[in-house]
Amino acid sequence: METEIKLAIDSKEKLFEIIDADWFKEYSMDKKPRSVAMLINSYFDTPDFKLRVNHCTVRSRLYSIDGEKKYEHTVKLGSNADNGLYQRYEWNVDADSEKFDLEHFIYSVEHVADSSDPVEILKDHFNNIDVDSLTKICSTEVERSTYLFGYGDSIMEACFDIGKAIADGKSTPICELEMELISGDVNDLKELSDFIVSKSDLRPSNESKFKKCLLLMGFED
């Protein structure tokens with residue numbers, strides 16, 4: 001289960017000002033980012049958007065870190081957010097290319113990947129999907145700087161994301177902080193979010209990166 005809070009802001013300069021704030025340093029477990037990566041995300045669906053209708057997201061991610069590149073495939077289930085808080089089923093599998101292979105994905109989830117989310121739910125969402133018809137419908141390009149945070153009894157990952165969402169020949173900026181719960185209590189994550197909002201110009205956002213793409217394509221939900 002993915003549990004994260006998304007906070008948006010209007011400019012890269014304002015976003016990265018936060019890193020120099022005393023309150024940020026108080027809770028950050030890192031003096032500098034653990035990693036700075038370029039993430040190129042491709043999203044897939046059928047021609048009639050069956051995955052979107054079922055609140056299922058299929059993503060292929062190309063990581064570029066320190067000159068090394070690797071692919072990761074992800075399936076997420078659920079799309080609703082409350083005051084920036086997202087809680088979704090999520091499965092991640094290392095891959096060799098952008099192409100999404102459902103058979104390999106499910107095998108890896110069952111035998112290789114470290115996931116506590118039930119694979120039967122994953123399988124059920126693909127029962128009536130023609131996987132061979134999946135095509136790339138949109139993408140995002142993001143530079144991500146990652147810090148580890150400790151707050152209350154919990155550990156979070158703070159991801160500073162700058163980039164753009166691309167769909168239907170158009171693009172829109174991405175400028176946000178994602179706080180993902182690694183271990184501990186979701187209430188600590190909520191409290192930390194409220195604290196950050198009170199100390200900065202950041203605001204809770206219910207608009208995921210994928211939703212930014214869908215809005216560019218004319219979808220309202």
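Predicted model: local features only at pLDDT ≥ 70, side-chain atom pairs only at ≥ 80, totals over all residues.
**Group meeting: rings, cores and cysteines**

Let's start with a lysine: the charged end of K70 sits over the ring of Y63, 5.2 Å from the ring centre.

Okay, the aromatics. There are 14 aromatic pairs in the structure. Take F100 and F105: their ring centres are 5.3 Å apart and the planes make an angle of 50°, a tilted pair. Both of those phenylalanines are buried. Then there's Y147 with F160, where the planes are at 75° and the centres 5.7 Å apart, so we call that one edge-to-face. Y147 is in strand β7 and F160 in strand β8, so this pair ties together parts that are 13 residues apart in sequence. Y147 counts as buried, at 5% relative accessibility, and F160 does too, at 0%. Those two also belong to an aromatic cluster, together with F16, W23, F24, Y27, F149, Y151 and F195.

In soluble globular proteins, nonpolar side chains tend to be buried together. Here the largest nonpolar core has 26 residues, and the members touching the most others are L15, F24, F160, L177 and M179. Who supplies at least two residues each? β1, α2, β7, β8, β9 and α6. Leaving out close sequence neighbours, up to four places away, F24 touches I18, I19, Y147, F149 and F160. Apart from that core lies another, of 19 residues, including F44, L51, V58 and I129.

Now, cysteines. How many disulfides does the structure hold? It holds 0. For C159, the nearest cysteine sulfur is that of C175, 14 Å away. C159 is buried, at 2% relative accessibility.

Last one: E90, over in strand β6, which runs through residues 85–95. Buried or exposed? At 15% relative accessibility, E90 counts as buried, because the cut-off is under 20%. Its side chain makes a polar contact of 3.4 Å with the side chain of N92. Looking beyond four places in sequence, E90 touches E2, T74, V75, K76, S115, D117 and E180.

That's it from me.

Note on methods: Residues numbered from 1 in each chain as written. Heavy atoms only, no water. Helix = DSSP H or I, 4+ residues; strand = E, 2+ residues; numbered from the N terminus. Buried < 20%, exposed > 50% of the residue type's maximum accessible area, 1.4 Å probe, protein only. Polar contact = N/O pair within 3.5 Å; in protein donor to acceptor, adjacent residues only side chain to side chain. Contact = heavy atoms within 4.5 Å. Core = buried A, V, L, I, M, F, W, Y, C linked by side-chain atoms within 4.5 Å. Disulfide = S-S within 2.5 Å. Phe/Tyr/Trp six-rings, centres within 6.5 Å; stacked < 30°, edge-to-face > 60°. Lys NZ or Arg CZ within 6 Å of the ring centre and 35° of its normal.
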